[in-house]
Amino acid sequence: EEFDFLHKKIGELEWELATVYYGREAVLRSQIELLETQIENYRVNIAILVDCENVDPYRFASVFKNLNEENLEKIKKVILYDDVNTSNAWDYINEYIKLPIEHKEIQRVLNNKSLVDIVMTSGACKEYYQENTESLILASSDSDFYGLISSLAGARFYVLNESDKTSDLILDKLDEANINYCFMDSFAQGEVQDFKNNVLLR
């Protein structure tokens, strides 16, 4: 009994030290394994909604380069919510990601005000209520979308974000709500070098 107690305490200490050293990357499985498992548990009708203003297109592309074919087949579409001021790489990503892609270029009313967030929120509601899409993957590091996640309680959410653009506060909120997430910048970026080169040559 005493040995079990000591073993448990040593294990907790090792985990604490690992967490201090690696931060939120101190996980039992790699980011890709976590995402694969999550998609496997989802139903077939999965939609990915992308906030092009707050997502690096090359990091986003790297996620799909690392997913296996079986899980890619469960994704029925990718919807890009784009703005005039984003990277032109979004215009060519359909040549790289072999999934049905809807590219929505959101026009501004005022030159200094983007409407991407509100249109993407509306699109998520449409996917859930009209298209019967029960599993939504949100690609964004914008904390505003937590309002959508907390309001659309019946949907199953997963978040693709970027570690250098996401605050610990929003990660804590996602943890509290049991919303799984992973960092796009954790995936192998070398896989998309040819995509970067092709965009630069356009």
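Reader: Where does N178 lie?
Author: N178 sits in the loop between α7 and β6 (180-183); helices (H or I, at least four residues) and strands (E, at least two) are DSSP runs, numbered from the N terminus. This is a predicted model, in which local features need pLDDT of at least 70, side-chain atom pairs count only at pLDDT 80 or more, and totals for chains, interfaces and linings use all residues. Residues are numbered from 1 along each chain as its sequence is written, and side-chain values use heavy atoms, without hydrogens and water.

Reader: Why is N178 called exposed?
Author: Exposed means over 50% relative accessible area, buried under 20%, and partly exposed in between (1.4 Å probe, protein chains only). N178 has 67%, so N178 counts as exposed. Its phi is near 60°, a positive value in a residue other than glycine.

Reader: And what makes N132 exposed?
Author: Its relative accessibility is 53%, so N132 is exposed too. N132 is in the loop between α5 (116-129) and β4 (135-139), and its phi, near 55°, is positive in a residue other than glycine.

Reader: How do you know how many cavities of 30 Å³ or more there are?
Author: On a 1 Å grid over the protein atoms alone, a cavity is a set of points where a 1.4 Å probe fits but cannot get out; lining residues have an atom within 4 Å of a point. Points are joined across faces, edges and corners, and a volume is the space filled by probe spheres set on them. By this rule the count is one. Closest to the centre of the largest cavity, among 13 lining residues, are S140, D142, F145, V159 and I170.

Terms used. On a 1 Å grid over the protein atoms alone, a cavity is a set of points where a 1.4 Å probe fits but cannot get out, and a pocket is an open set with protein on both sides within 12 Å along at least five of seven lines; lining residues have an atom within 4 Å of a point.
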